[in-house]
Amino acid sequence: MSNLPISDYALLSDCQTAALVSRDGSIDWLCMPHFDARAVFARLLDSEAGHWSIHPAGAYTASRRYLDRSMVLRTEFRTDTGAISVTDALASGPNQHGHDLGKHAPHLLVRVVECTRGTVDVRVEFAPRPEYGLIRPLLTPIEGGLRCHGGPDTLGLSAPVRFDITDLARACLTLQAGEQAAFAVQHVPAGQTPRLWTQPQILGHLRETLRSWQSWSELHQAYEGLWEDLVHHSGRVLRALTFRPTGAIVAAPTTSLPESIGGVRNWDYRYAWVRDASFTLDALWIAACPDEAQAFFTWMAQAAAGDPEHHRDLQIMFGIRGERDLTERELGHLSGWRGSRPVRVGNAAWNQRQIDVYGELLSAANRLRDYLNDLDADTKRFLVGLADTAAIRWREPDQGIWEVRGEPQHFVYSKLMCWVALDRALKLAEPLNATDRIPHWTQARKDIRAAIEQHAWNETIGAYTQAFGSTALDAAALAMPLVGFIPAFAPRMRATIEVIRERLTGPDGLVFRYVADDGLPGTEGTFVLCTFALAQALAMTGDTAAARSVFERAAAAMNDVGLLAEEVDPVSGELLGNFPQAFSHIGLVNAAWAISQAEAGDLVTARIAEGSAYYRSEACARVTPRRGRH
């Protein structure tokens with residue numbers, strides 16, 4: 001069983017896969033060659049499932065940081081006799097600068113140890129366990145390192161030392177001030193021979209990778225505003241979670257890190273969700289650049305595309321190459337992080353009905369409307385079909401944004417996003433050559449608004465609720481002003497914000513997404529994304545002091561190298577869920593921007609203009625919130 005806190009881990013990425021390295025210098029998670037491949041190191045989920053550690057042989061203290069404007073990690077170890085640094089990176093490959101970062105990654109993990117003071121004895125353990133720990137491979141010493149054979153994976157470890165080999169490889173070396181030792185492991189398909197690298201070549205890979213990340217940051221990160229460093233770092237994390245060959249962005253690079261310790265809410269997040277699309281594009285626009293946003297949308301549209309005449313539900317998520325069958329299975333041989341079982345690969349939510357996805361994709365298309373003229377006729381027809389389908393299916397129940405595994409319901413967020421689908425389709429009618437649909441889409445949009453105002457508002461609670469006729473609160477209601485359905489300062493919305501702030505905020509000051517029965521046993525932590533959404537909604541009301549306070553509480557959930565998980569234990573403060581979580585960093589970027597705009601006056605001015613249009617709408621319900629809710 002793995003016991004290290006999730007916050008102990010830092011992320012490495014080559015924009016094709018990712019590794020997690022602990023504060024103690026152990027690679028405990030690595031899927032090679034891609035995010036969704038079978039892990040070769042998986043000690044994150046079971047103590048016997050493989051690792052690669054480098055650290056001092058005796059007692060030490062450790063600190064770490066990412067090198068300037070990069071995802072290259074440096075851990076500094078201090079002992080009684082001296083100090084070493086271990087610099088880790090998933091190599092980018094030569095000449096992979098700017099937009100090309102990750103395009104031709106060599107599937108090479110490099111680790112460089114340098115003694116910076118005194119003398120330090122260093123211990124190295126190399127214990128690959130392919131196929132999530134199922135295989136104990138054959139380790140063969142060769143000139144310049146080791147070769148590892150077993151299952152579908154062949155690994156080559158380049159090293160300047162000789163190893164003692166049992167069921168793992170161990171080595172010890174002594175470094176004095178100024179001395180270095182460079183290591184690298186490379187993955188190739190079974191049947192091929194991995195290359196072994198010399199010391200200068202490994203050092204060259206590390207320098208090139210640092211330059212590649214810095215060139216990407218220089219080209220992409222122009223955001224100026226509050227919390228600049230956090231926004232820029234989150235932009236790099238989003239890039240690190242991008243599968244460069246297609247533009248897909250994984251929700252997280254891990255599977256089965258639980259929502260509650262010892263619980264069963266353990267899911268595989270190494271896929272791309274359609275619902276992330278519009279909020280992801282906003283974040284990429286702020287923290288990266290339009291080119292990154294366009295690449296993500298182009299991939300998503302192509303992956304989701306299908307013949308609208310068949311009237312099949314739009315799939316909610318895809319593999320990183322556009323795969324649709326993500327059948328879920330359990331890995332019974334793994335004990336799970338802190339005994340949280342089952343460990344799952346695949347995700348059964350792929351075939352759920354979630355009708356909010358029509359709005360997510362069309363909202364993303366609207367964000368990139370200047371690029372739509374480049375779309376082919378079939379893709380335009382597909383987007384038109386999404387709006388037509390939303391106009392029909394909004395009346396139907398579904399599993400909702402939180403992918404409940406209970407009975408379908410009439411979730412308010414799903415209706416809201418169908419409204420978004422039609423609202424954005426109306427804005428896109430001309431570039432999509434669909435002006436003939438305007439009357440039909442306009443009426444459907446009006447009908448959805450009327451239904452939400454009639455059935456989602458609960459007068460007793462004084463808030464919009466989770467589902468039609470429900471009394472349960474849901475932080476997803478905070479999306480209403482974010483997507484332009486209603487101004488944040490409208491009486492009903494302001495009341496909803498205050499009720500969520502009052503009743504869904506945990507003892508840690510962060511926000512639960514809901515407290516209703518969702519068909520699964522156990523509990524979960526507070527939700528980082530929902531907390532940033534509350535901060536963003538408060539900014540849109542003009543209450544920037546409250547927005548700042550909520551934002552800073554959410555940002556405080558970062559670990560020491562600026563990474564956010566999906567959830568936080570409301571009592572202990574421990575990070576929970578798959579890590580790092582793209583949506584949490586997306587929430588940070590969008591909330592920081594909204595608060596910056598509000599403090600500058602730009603956001604409030606824009607929302608007042610929106611509010612004027614809202615109050616002119618014949619569908620607007622003039623409702624005074626209950627006393628004490630605002």
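**Close-up views of a predicted model**

View 1. Thr255 counts as buried because its relative accessibility is 0%, where buried means under 20% relative accessible area with a 1.4 Å probe and protein chains only. This is a predicted model, in which local features need pLDDT of at least 70 and side-chain atom pairs count only at pLDDT 80 or more, while totals for chains, interfaces and linings use all residues. Residues are numbered from 1 along each chain as its sequence is written, and side-chain values use heavy atoms, with hydrogens and water left out. Thr255 is placed in the loop between strand E17 (248-249) and strand E18 (272-273), strands being DSSP runs of E with at least two residues, numbered from the N terminus. A polar atom of the Thr255 side chain lies 2.4 Å from the backbone oxygen of Arg344. Beyond its neighbours within four places in sequence, Thr255 is in contact (heavy atoms within 4.5 Å) with residues including Trp29, Trp267, Tyr269 and Asn578.

**View 2. The open sheet E24-E25-E26.** Three strands in this order form an open sheet with antiparallel pairing, where two strands pair if DSSP finds at least two bridges between them. Strand E24 (526-527) and strand E26 (575-576) are at the edges with a single partner strand each, so one side of each has no neighbour in the sheet.

**View 3. The pairing of E25 with E26.** Strand E25 (residues 567-568) is joined to E26 by two bridges, and the two run antiparallel. Within this pairing, Glu567 stands opposite Leu576 in E26.

Conventions. Helices (H or I, at least four residues) and strands (E, at least two) are DSSP runs, numbered from the N terminus. Buried means under 20% relative accessible area, exposed over 50%, partly exposed in between (1.4 Å probe, protein chains only). A polar contact is a pair of N or O atoms within 3.5 Å; within protein, one must be able to donate a hydrogen and the other to accept it, and residues adjacent in sequence count only if both atoms are side-chain atoms.
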